[in-house]
Amino acid sequence: MELFSHSWQALRAAVAALPDEDFDQPSGCAGWLVRDLVCHLVIDAQDVLITLVTPAESEPTADADTYWELLDAPPTGEDPLDALIPRLAAAYGEPRWLKFHLDDVGSAAGRAAELADHALLVSTQDKVLTAGDYLAAYVLEWTLHHLDLTAHLPSAAAPPAETLAAARTALERIAGAPFPASFSDEAALRVGTGRRTPTDAERAALGDLAASLPLVLG
């Protein structure tokens, strides 16, 4: 829970501190501007609220790692929801309204997470898992999107070291192998999920793991 709160608060604070002009810069999500990514974060926050009040009665079918599905290829933007995001983001007009909505819904999602019974079984995306596992999965979500937010904004606040380390560990469990010790946590996350191409030296250090990358999480 601490890592969920820490990663979410840090991401929201980074968005709140952005000057308006940064919202028109590209993000680390292919085809999305920063404003599109922030709009996606609003929807993520809504998903957290919805999931935490959607109890399930069947046995768990997933945990924090198997919550993620590995896709064959990165999103193309043709998925109806992906295509909707830029139109929704543009409809906000001024960045202050996106900031306001993220702060409003994001604060509620953070509070709901704090109050949640982590043993409660919840349902989302045709999966059943504990609320604790669901929130743990979102540490990876928040951290990767924090990296997306700052991909082309070097002056923006970076993700906290603790959440970078936790997200790396989660990705290594999903990969079924550790990343080389020579990789920083940020490099492991960016290269591991295809957010950037490994250098020749990094590819050599990855060894057999290189063949299974990138891990496209869905």
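Helices (H or I, at least four residues) and strands (E, at least two) are DSSP runs, numbered from the N terminus.

## Basis of the model

This is a predicted model, in which local features need pLDDT of at least 70, side-chain atom pairs count only at pLDDT 80 or more, and totals for chains, interfaces and linings use all residues. Residues are numbered from 1 along each chain as its sequence is written, and side-chain values use heavy atoms, with hydrogens and water left out.

Helix 6 (residues 161-175) has 15 residues and spans 21 Å from first C-alpha to last, close to the 21 Å expected at 1.5 Å a residue; the expected span is 1.5 Å times one less than the number of residues.

The buried residues of helix 6 include Leu-164, Arg-168, Leu-171 and Glu-172. Buried means under 20% relative accessible area, exposed over 50%, and partly exposed in between (1.4 Å probe, protein chains only). The buried residues of helix 6 pack against helix 1, strand 1 (70-71), helix 5 (131-150), helix 7 (185-192) and strand 4 (216-217).

Helix 3 (residues 80-91) has 12 residues and reaches 17 Å, close to the 16 Å expected at 1.5 Å a residue. Gly-93 follows helix 3 and has a positive phi near 75°.

## The nonpolar core

The largest nonpolar core has 59 residues, and Phe-4, Val-48, Tyr-134 and Leu-149 have the most contacts inside it. Such a core is a set of buried Ala, Val, Leu, Ile, Met, Phe, Trp, Tyr and Cys residues joined through side-chain atoms within 4.5 Å. Helix 5 gives the most to this core, with 11 residues.

Leaving aside neighbours within four places in sequence, Tyr-134 is in contact (heavy atoms within 4.5 Å) with residues including Asp-47, Val-48, Tyr-67 and Val-122.

## Backbone exceptions

Most residues other than glycine have a negative phi, and most peptide bonds are trans. Leu-213 and Pro-214 are joined by a cis peptide bond, with omega about 5°. Pro-214 sits in the loop between helix 8 (200-206) and strand 4.

Gln-125, not a glycine, has a positive phi of about 50°. Gln-125 lies in the loop between strand 2 (121-124) and strand 3 (127-130) and is partly exposed, at 47% relative accessible area. Asp-126 is found in the loop between strand 2 and strand 3; its phi is positive, about 65°, although it is not a glycine. Asp-126 counts as exposed, at 83% relative accessibility.
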